[in-house]
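Subject: Structure handover

Hello,

Here is the structure you asked about. Please open it and keep it beside you while you read.

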Amino acid sequence: MAKMWEGRFGKETNLIVNDFNSSIRFDCRLYEEDITGSMAHARMLGKQGIIEQKEADAILEGLQEILRDIQEGKIHFSLEYEDIHMNIEKLLTERIGDAGKRLHTARSRNDQVALDMRLYVKKEITEIQGLVLGFMEALCEKAKKNLTTVMPGYTHLQRAQPVTFAHYMMAYANMLRRDVTRLADCLERMDEMPLGSGALASTTYPIDRKMVAEELGFATVTDNSLDGVSDRDYCMELCSALSILMMHLSRLSEEIISWCSWEFKFVELDDAYSTGSSIMPQKKNPDVCELIRGKTGRVYGDLQTLLTMLKGLPLAYNKDMQEDKEAVFDAVDTVKQCLQVFTPMFATMELLGENMKKAASKGFINATDCADYLTKKGLPFRDAYKITGSLVGECIRRGKTLEELTLAEFQEFSPVFGEDVYEAIDLHTCVSGRSVIGGPAPQEVERQIAKIESFIASHSSIQ
């Protein structure tokens with residue numbers, strides 16, 4: 001079977017090489033982007049008089065029919081034609097004759113694939129942002145219902161200070177907000193149209209690149225033809241942003257995995273989002289969270305693939321760059337799948353508030369507030385810190401909490417203690433007193449929620 005690039009060669013391509021060289025198995029998913037870009041290119045060729053208008057019209061009609069047939073499952077791509085670009089051009093030529101052969105005028109597969117990948121990444125960034133915003137909405141809904149649900153905050157996985165579940169979830173909402181803006185930054189930087197760069201040195205035809213860019217929705221055109229065909233920064237930047245997003249999902253997954261255990265029992269996952277054991281009848285496993293935690297490493301691997309593949313390439317296009325697609329496709333698919341299952345799992349998760357409160361009442365997480373109480377009474381903080389530490393040590397020896405000490409026992413350590421110490425170290429007082437910007441006080445967390453909801457609303461067009 002004749003190759004589209006035959007002429008220079010005296011032998012047919014070895015079948016093993018043909019299979020090894022082919023990318024149609026995975027780049028077939030770019031069919032819509034490829035056809036969209038080709039239609040814009042054909043319109044420009046016709047308008048500029050580079051090909052006759054009737055030929056441009058035939059190309060447009062033929063491409064539209066091919067797109068419809070692909071969507072209806074009527075077309076099977078061939079390994080013989082190597083990639084999505086050559087498959088579609090071959091189909092077009094078979095259907096409309098010599099006019100189809102004119103489509104490739106003033107372009108190369110190098111700038112064609114660069115265009116297709118940018119169109120694909122632009123579309124996927126918007127879809128992923130929408131999924132992240134949907135998850136942020138679920139976080140806000142849970143937070144609004146749990147403004148006063150006290151739980152322990154941790155450092156070093158040791159109970160540290162009291163917070164609320166709402167405050168905890170707003171920490172993750174802020175991480176996700178940064179993920180949305182990080183993806184937006186990536187989109188802004190890569191919103192340049194590379195078609196017209198040719199193989200590497202542009203073209204001698206009088207093309208109108210800005211017309212094509214405008215038709216395809218790009219902000220501008222690439223400014224250097226060598227860079228236009230060899231740039232995959234946006235692929236690495238996308239995978240970097242997705243890796244950070246997956247890290248955030250993995251951290252929350254780890255929290256939920258712990259909270260589901262009998263050792264914590266802070267939450268109960270809905271049966272629809274849990275699995276059991278083939279041998280242990282009592283088990284209810286947080287497999288969704290565990291898989292997300294595991295798939296995070298997979299996305300990291302996709303980023304590493306791109307970084308390693310590109311690090312030694314001279315300008316301009318090299319066949320190594322064919323490896324960009326599977327890495328990007330895998331990262332995008334993995335992230336979307338994780339978000340699509342995480343959001344409903346989280347939304348249906350039941351909080352066990354009493355267990356959270358019991359955990360918060362242990363571990364002396366109000367010790368800082370006890371020290372602050374003494375400081376507000378006039379003691380230097382370091383003295384107050386030492387007194388409180390001694391109190392905690394005594395409580396541990398006696399098997400008591402700070403709240404269970406009598407006033408006389410408090411005063412054994414400092415006469416500054418009064419009856420008001422019990423109000424000062426009450427967990428709800430500890431939380432509500434932290435009303436500075438960023439704190440866990442209910443009214444302050446309400447402000448945080450409102451700010452996140454305002455951010456979500458400002459991005460309603462991409463949800």
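Below are notes on its salt bridges and its nonpolar cores.

This is a predicted model: local features need pLDDT of at least 70, side-chain atom pairs count only at pLDDT 80 or more, and totals for chains, interfaces and linings use all residues. Residues are numbered from 1 along each chain as its sequence is written, and side-chain values use heavy atoms, with hydrogens and water left out.

**Salt bridges**

Side chains of opposite charge can pair when their charged atoms come close. A salt bridge here is a side-chain nitrogen of Lys or Arg within 4 Å of a carboxyl oxygen of Asp or Glu. How many salt bridges does this rule give? The count is 34.

Start with aspartate 271 and lysine 284. Their side chains form a salt bridge at 2.8 Å, N to O. Both residues lie in the loop between strand E5 (267-268) and helix H12 (287-310), so the pair ties together parts that are 13 residues apart in sequence. Helices (H or I, at least four residues) and strands (E, at least two) are DSSP runs, numbered from the N terminus. Aspartate 271 is exposed, at 61% relative accessibility. Lysine 284 is partly exposed, at 32%. The cut-offs are these: buried is under 20% relative accessible area, exposed is over 50%, and partly exposed is in between (1.4 Å probe, protein chains only).

Now look at arginine 398. Its side chain meets glutamate 409 in a salt bridge (2.5 Å, N to O). Arginine 398 is in helix H16 (residues 381-398) and glutamate 409 in helix H17 (residues 407-411), so this pair joins parts 11 residues apart in sequence. Arginine 398 is partly exposed, at 33%, while glutamate 409 is buried, at 13%.

Arginine 398 also has a salt bridge to glutamate 412 (3.7 Å, N to O). Glutamate 412 lies in the loop between H17 and helix H18 (421-424), so the pair ties together parts 14 residues apart in sequence. Glutamate 412 is exposed, at 55%. A network of salt bridges links Glu394, Arg397, Arg398, Lys400, Glu409 and Glu412.

**Nonpolar cores**

A nonpolar core is a set of buried Ala, Val, Leu, Ile, Met, Phe, Trp, Tyr and Cys residues joined through side-chain atoms within 4.5 Å. The largest has 112 residues. Phe135, Leu242, Leu249, Ile256 and Val328 have the most contacts inside it. Helix H7 (residues 109-144) gives the largest share, 16 residues.

Another core lies apart from it, with 17 residues, among them Ala367, Tyr373, Leu391 and Val421.

Best wishes
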